[in-house]
Amino acid sequence: MADYPYPSSEGRSANMRANRRTDTKPELALRHALHRLGYRYRKDFRLDLDSGRRVRPDIVFTARKVAVFVDGCFWHACPEHGSKPKANEWYWSPKLVKNVERDRMNDAALVLAGWTVVRLWEHVPVDEAITTVVMALAASREPGQPPEPDAGQPPEPEARQAPPDALLN
């Protein structure tokens, strides 16, 4: 059996157990803001690529083939806010490097499969994250498709056609 690090304290163990894989605060804030703007998406949707690779973006726009990841600063080694653990460094350093390598491999596999990949750090302000995602969606729109909803405005409902009898009255 492989070596596994012993926790430095019970408090640290509780802290690590509390880390979530999905529905983090930055991810929820972005999803809620996109939804308020009228965008619809899938969350934590598994993509089985033709290459055999499986990828689970945080937010997926399947029709537009846009995959959005909201990366945590610690887990994905943010150059600005990522921290290097001092306890059990022999375990954490290779693990964090593997996380970054996996991210790059997933990005490459998605791009080869025709997807647009958007990676955002958890510390990016929500309005900046929304702008980035909306720009990626606009760029992925094929010619002839209807325009995206206006920022801040939900999409307009389709006009209902009156029955022919109502037009005569």
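**Helices and sheet**

Mentor: Helix 3 lies across strand 5 and strand 6, and runs at about 150 degrees to strand 6. Helices (H or I, at least four residues) and strands (E, at least two) are DSSP runs, numbered from the N terminus. Axes are lines fitted to C-alpha atoms, for helices over the stretch in contact, and angles run from 0 to 180 degrees between N-to-C directions. The model is predicted: local features need pLDDT of at least 70, side-chain atom pairs count only at pLDDT 80 or more, and totals for chains, interfaces and linings use all residues. Residues are numbered from 1 along each chain as its sequence is written, and side-chain values use heavy atoms, with hydrogens and water left out.

Trainee: At what angle does helix 4 run to strand 6?
Mentor: Helix 4 lies across strand 4, strand 5 and strand 6. Its angle to strand 6 is about 175 degrees.

Trainee: What is the order of the strands in the open sheet?
Mentor: The sheet has 4 strands, with mixed pairing. Two strands pair if DSSP finds at least two bridges between them. Strand 1 (42-43) and strand 6 stand at the edges, each with a single partner strand, so one side of each lacks a neighbour in the sheet. The order is 1-4-5-6.

Trainee: Which residue stands opposite V70 in strand 6?
Mentor: Strand 5 (residues 66-71) and strand 6 (residues 116-121) run parallel, joined by 6 bridges. Opposite V70 stands L120.

Trainee: Which residue in strand 5 stands opposite I59?
Mentor: Strand 4 (residues 59-61) pairs with strand 5 in the antiparallel sense, over 3 bridges. Opposite I59 stands V68.

Trainee: Why are helix 2 and helix 4 called oblique to each other?
Mentor: Angles under 35 degrees count as roughly parallel, over 145 as roughly antiparallel, 65 to 115 as roughly perpendicular and the rest as oblique. Helix 2 (residues 25-36) and helix 4 (residues 126-140) pack with axes 10 Å apart. Their angle is about 60 degrees, so they are oblique.

Trainee: Which residues of helix 4 make the contact with helix 2?
Mentor: Contact means heavy atoms within 4.5 Å. Helix 2 brings A29, L30, A33 and L34. Helix 4 brings V126, A129, I130 and V133.

Trainee: What does Y91 touch, not counting residues up to four places away in sequence?
Mentor: Y91 is in helix 3. The C-alpha atoms of Y91 and P5 are separated by 6.7 Å, though the two are 86 residues apart along the chain. Y91 touches Y4 and P5.
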